[in-house]
Amino acid sequence: MLLHIPQVLTKQEVAQIRGELAAHAWVDGAHSSGAQAASRKRNLQLPADSPVYTGLARQVADALARHPLFASAVLPRQMLTPMFNCYAGGGRYGNHVDSAIQRDAQGKPVRTDVSTTLFLSEPEEYEGGELIVEDTYGEHEIKLEAGDAIIYPATSLHRVEPVTAGSRIASFLWSESLVRDAWQRKMLFDLDMNILKLRQQLGDSEEVVSLTSTYHNLLRQWAQ
Ligand code: NI
């Protein structure tokens, strides 16, 4: 499931993050990937030892974690520390699938179920730079307002088109979900959203309470 998560950050928060990023050094992003992905990747990345990295990463992770759409769609068991990248001057990232396992800060393996890209540049600031995600329904082209995020299954083939003018700054992260199967996650999300709408229409009627209990019992079945 591809899902647009609007307004994860306010414009003011985006400006503050952009200001801190602009004042600090970036490094070649090829170092942070496996060998196959690295040969297809041309971008810059904020290094993990940057003095602003930990604070900015926490700010992004906290904003996502408290967004109700993200929480419902991802059902995160663990979120890896967000990273920051910048594409400019023809920078791109060719078709690839993200590594299935990443290590958290303590070196513990984390399965990557859901990928998230949070846009920090406005679409008018750069040419190209679309995130293209392939699924069974074809290719999807994503370019969002600064502060908005997209989530997509980490199993999908994806790429970032060359940025031919301006620069595209974004944050991205992987999450391990309580529910490993993407289809089960989607059904839970749809059920949750419909229960929410029914509650608004009907209040906590007997049927709404019953559906809510079905949601929780399904989650209990599927959560790992
Ligand atoms: Ni990727």
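Between domain 1 and domain 2 there are zero salt bridges, a salt bridge being a side-chain nitrogen of Lys or Arg within 4 Å of a carboxyl oxygen of Asp or Glu. The model is predicted, so local features need pLDDT of at least 70 and side-chain atom pairs count only at pLDDT 80 or more, while totals for chains, interfaces and linings use all residues. Residues are numbered from 1 along each chain as its sequence is written, and side-chain values use heavy atoms, with hydrogens and water left out.

Domain 1 covers residues 3–177 and domain 2 covers 182–222, with bounds taken from an automatic or database domain assignment. Their C-alpha centres lie 30 Å apart. Nine residues from domain 1 and seven residues from domain 2 take part in the contact, where contact means heavy atoms within 4.5 Å.

How much area is buried between domain 1 and domain 2? It is about 630 Å², with carbon and sulfur atoms giving 67%; buried area is the accessible area (1.4 Å probe) that two parts lose on being put together, summed over both. In domain 1, S72, A73 and L75 lose the most area to domain 2, together 59% of what that side buries.

Across this interface, one residue pair is in polar contact, both at pLDDT 80 or more. A polar contact is a pair of N or O atoms within 3.5 Å; within protein, one must be able to donate a hydrogen and the other to accept it, and residues adjacent in sequence count only if both atoms are side-chain atoms. Helix 4 (residues 68–74) supplies four residues, the largest share of the side of domain 1 that touches domain 2. Helices (H or I, at least four residues) and strands (E, at least two) are DSSP runs, numbered from the N terminus.

**The nickel ion**

Which residues coordinate the nickel ion? They are H96 (NE2), D98 (OD) and H158 (NE2), at 2.1 Å. Donors are N, O and S atoms within 2.8 Å of the metal (3.2 Å for Na, K and Ca); water is not among the atoms, so sites may look incomplete. H96 in strand 7 (residues 92–96) and H158 in strand 15 (residues 158–160) are 62 residues apart.

**Two side-chain pairs**

The structure holds ten salt bridges.

| Pair | Kind and distance |
|---|---|
| E134 and R159 | salt bridge, closest N and O atoms 3.8 Å apart |
| E122 and K11 | polar contact of side chains, 2.9 Å |

E134 sits in strand 12 (residues 131–135) and R159 in strand 15, 25 residues apart. E122 lies in the loop between strand 10 (114–119) and strand 11 (126–128).
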